[in-house]
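Subject: Structure for you to look over

Hi,

Here is the structure I promised to send. Please open it alongside this note.

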Amino acid sequence: AKLGLVRSIRGQGGGVELARDPEKLSVGEVILAMEGNTHLLECVARTGVCTIEQRCQLKGILAKAEQIQMDYLRSVKLSDVVKPGGQLVDLQPLNS
């Protein structure tokens with residue numbers, strides 16, 4: 001709820017629902033809000049974390065791959081994944 005993605009509804013029949021229209025919310029936005037950075041390696045976001053950084057070409061390749069992935073995830077709307085009024089999962093208690 002703090003991220004503005006869901007809101008809670010109190011009382012009988014209450015629960016949790018999306019706070020925003022799923023037609024206007026992308027899968028990429030949800031992932032970024034929940035996970036923060038999605039870097040494959042630490043060096044993609046920061047410099048000075050790897051001893052071979054100056055000679056390594058992998059950083060640029062991974063940065064491009066991450067951008068392509070996030071562009072795609074931003075193009076997929078949550079409504080493409082979850083139908084209105086539907087549930088993602090039927091929650092069951094865990095057996096400990």
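Below are the findings, by topic.

This is a predicted model: local features need pLDDT of at least 70, side-chain atom pairs count only at pLDDT 80 or more, and totals for chains, interfaces and linings use all residues. Residues are numbered from 1 along each chain as its sequence is written, and side-chain values use heavy atoms, with hydrogens and water left out.

Cysteines

A disulfide is a covalent bond between the sulfur atoms of two cysteines. Here the cut-off is a pair of cysteine sulfur atoms within 2.5 Å. The whole structure was searched, and 0 disulfides turned up. Cys43 is in none; its nearest cysteine sulfur belongs to Cys50, 6.0 Å away. Cys43 is buried, at 12% relative accessible area. Cys56 is partly exposed, at 28%. (Buried is under 20% relative accessible area, exposed is over 50%, and partly exposed is in between, with a 1.4 Å probe and protein chains only.)

Salt bridges

There are 3 salt bridges. The term means a side-chain nitrogen of Lys or Arg within 4 Å of a carboxyl oxygen of Asp or Glu.

- Arg20 pairs with Glu29, with the closest N and O atoms 3.1 Å apart. Both are partly exposed: Arg20 at 36%, Glu29 at 31%.
- Glu42 pairs with Arg46, at 2.8 Å between the closest N and O atoms. Arg46 is partly exposed, at 45%.
- Glu53 pairs with Lys59, at 3.3 Å, N to O. Glu53 is buried, at 18%, while Lys59 is partly exposed, at 23%.

Nonpolar core

The largest nonpolar core has 7 residues: Leu5, Leu25, Val27, Met70, Leu73, Val76 and Leu78. (A core is a set of buried Ala, Val, Leu, Ile, Met, Phe, Trp, Tyr and Cys residues joined through side-chain atoms within 4.5 Å.) Beyond neighbours within four places in sequence, Leu5 is in contact with several residues, including Leu18, Leu25, Val30 and Met34. Contact means heavy atoms within 4.5 Å.

Helix α2

Ile61 sits in helix α2, residues 58–75. (Helices are DSSP runs of H or I, at least four residues, numbered from the N terminus.) Ile61 is exposed, with a relative accessible area of 54%.

Best wishes

Definitions and conventions
Helix = DSSP H or I, 4+ residues; strand = E, 2+ residues; numbered from the N terminus.
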